[in-house]
Amino acid sequence: MEHAHVSNSLIGAAKVDGTAVYNTAGDRLGDIHDIMIDKQTGRVAYAILSFGGFLGLGEKYHPLPWNTLKYDTNQGGYVVGLTKEQLEGGPAYDEGDEPAWGDRDYEKRVHDYYGMPPYWMM
C-alpha cells in the first residue's frame, strides 16, 4: 500500500504529481507530471510541468527549476511567474524523450532561460 504523507511544510512526492500549476494571473498552465531529485544532495531540482496539447495528446514536458514554483494554499497548487508564451518558448521535450539530465550545459540552459541560479550552485 502506497502512503503519501503531507504535513504543514512537507509533502510526499506522490502528492506533488498531478498538482495544478498556475501563473500569477490565476490561469491554469498545466500540472506537475514528475519531479527530479538530485541523487547526491537529495534536493528537488526540477518540477516537470505537463503543458499544452489537448486531452493528453501532444503534451510537452517542461522542466522548471524547482525554485521557480511557490505553493499557494488558496489556489491549492503551485504558482509561477510565467506566461503561457514563455512556457511555449522554453525548454521542453515530448513523451518518450528524455532530456540530458546530468549534462550541466543542458541544465544551465534551462536555468538561464528562467533566470534562476542552478540548483547545484545554491
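This is a predicted model: local features need pLDDT of at least 70, side-chain atom pairs count only at pLDDT 80 or more; totals for chains, interfaces and linings use all residues.
Local features are given where pLDDT is at least 70 and side-chain atom pairs where it is 80 or more, whereas totals for chains, interfaces and linings use all residues. Residues are numbered from 1 along each chain as its sequence is written, and side-chain values use heavy atoms, with hydrogens and water left out.

**View 1. His111 in helix H3.** His111 belongs to H3, residues 104–114, where helices are DSSP runs of H or I with at least four residues and strands are E runs of at least two, numbered from the N terminus. The residue is buried, at 0% relative accessible area (buried means under 20%, with a 1.4 Å probe and protein chains only). Beyond its neighbours within four places in sequence, His111 is in contact (heavy atoms within 4.5 Å) with residues including Tyr46, Pro65 and Trp120.

**View 2. Surroundings of Leu64.** Setting aside neighbours within four places in sequence, Leu64 is in contact with Ala45, Tyr46, Ala47, Leu49, Leu69, Val80, Leu82, Leu87 and Tyr114.

**View 3. The largest nonpolar core.** This core, a set of buried Ala, Val, Leu, Ile, Met, Phe, Trp, Tyr and Cys residues joined through side-chain atoms within 4.5 Å, has 23 residues, and Val21, Ile32, Leu64, Leu69, Val80 and Leu87 have the most contacts inside it. Two or more residues come from each of E2, E3, strand E4 (60–65), strand E6 (77–80) and H3, and E3 gives the largest share, six residues. In soluble globular proteins, nonpolar side chains tend to be buried together.

Technical notes. Buried means under 20% relative accessible area, exposed over 50%, partly exposed in between (1.4 Å probe, protein chains only).
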